[in-house]
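Here's a quick walk through one model, surface first and then the contacts inside. Have a look at the structure before reading on.

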Amino acid sequence: MKFERRDLILIAGLILVMLGLIQYLGPVYSAIIVIAIYFGIKVYVGKKRQLIEQDVGEGICMECGSKIMNKKCPSCDNFEE
């Protein structure tokens, strides 16, 4: 998990959530909950990104939208031949 620029927005939002939780829970409990939420979101986004990279492969054809294999579109290149 590497740190990206959009993580600043996530951290800012979670700080606001923590400030809201401090009213009902103690600061330690709210910090633990926010840290768990942060790492949960990071793991979820990482898994989702990995699934998208597996699904896309080399790329997507601009004509039909299918997955490119061996630097050729299986549906568009068959019509041209």
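Start with the outside: Val-17, Tyr-24, Leu-25, Val-28, Tyr-29, Ile-32, Ile-33, Ile-37, Ile-41, Tyr-44 and Val-45 make up a nonpolar surface patch, with about 1,100 Å² of accessible area together. Patch members need over 30% relative accessible area and no salt bridge, with nonpolar side chains (Val, Leu, Ile, Met, Phe, Trp, Tyr) joined within 5 Å. Areas come from the Shrake-Rupley method with a 1.4 Å probe, and for residues only the protein chains shown count as cover. Helix α2 supplies the largest share of the patch, eight residues.

A word on provenance: this is a predicted model, where local features need pLDDT of at least 70, side-chain atom pairs count only at pLDDT 80 or more, and totals for chains, interfaces and linings use all residues. Residues are numbered from 1 along each chain as its sequence is written, and side-chain values use heavy atoms, leaving out hydrogens and water.

Overall, the chain has three helices and zero strands; helices (H or I, at least four residues) and strands (E, at least two) are DSSP runs, numbered from the N terminus. The radius of gyration is 21 Å, whereas a compact globule of 81 residues would be near 12 Å. That radius is taken over C-alpha atoms, and the globule rule is 2.2 Å times the number of residues to the power 0.38. Along the principal axes, the C-alpha atoms fill a box of roughly 70 × 20 × 15 Å.

Burial is worth a look too: 15% of the 81 residues count as buried. Buried means under 20% relative accessible area, exposed over 50%, and partly exposed in between (1.4 Å probe, protein chains only). Here are some individual cases:

| Residue | Relative accessible area | Class |
|---|---|---|
| Ser-30 | 0% | buried |
| Tyr-38 | 15% | buried |
| Ile-37 | 34% | partly exposed |
| Phe-39 | 41% | partly exposed |

Ser-30 sits in helix α2 and touches Met-18, Leu-21 and Ile-22, not counting residues up to four places away in sequence (contact means heavy atoms within 4.5 Å).

Which side chains meet in a salt bridge? Asp-7 and Lys-42 do, at 2.9 Å, N to O. The cut-off is a side-chain nitrogen of Lys or Arg within 4 Å of a carboxyl oxygen of Asp or Glu. Asp-7 lies in helix α1 (residues 7-22) and Lys-42 in helix α2 (residues 27-56), so the pair ties together parts 35 residues apart in sequence. Both Asp-7 and Lys-42 are buried.

Terms used. Patch = residues over 30% accessible without salt bridge, like charges linked within 9 Å, V, L, I, M, F, W, Y side chains within 5 Å.
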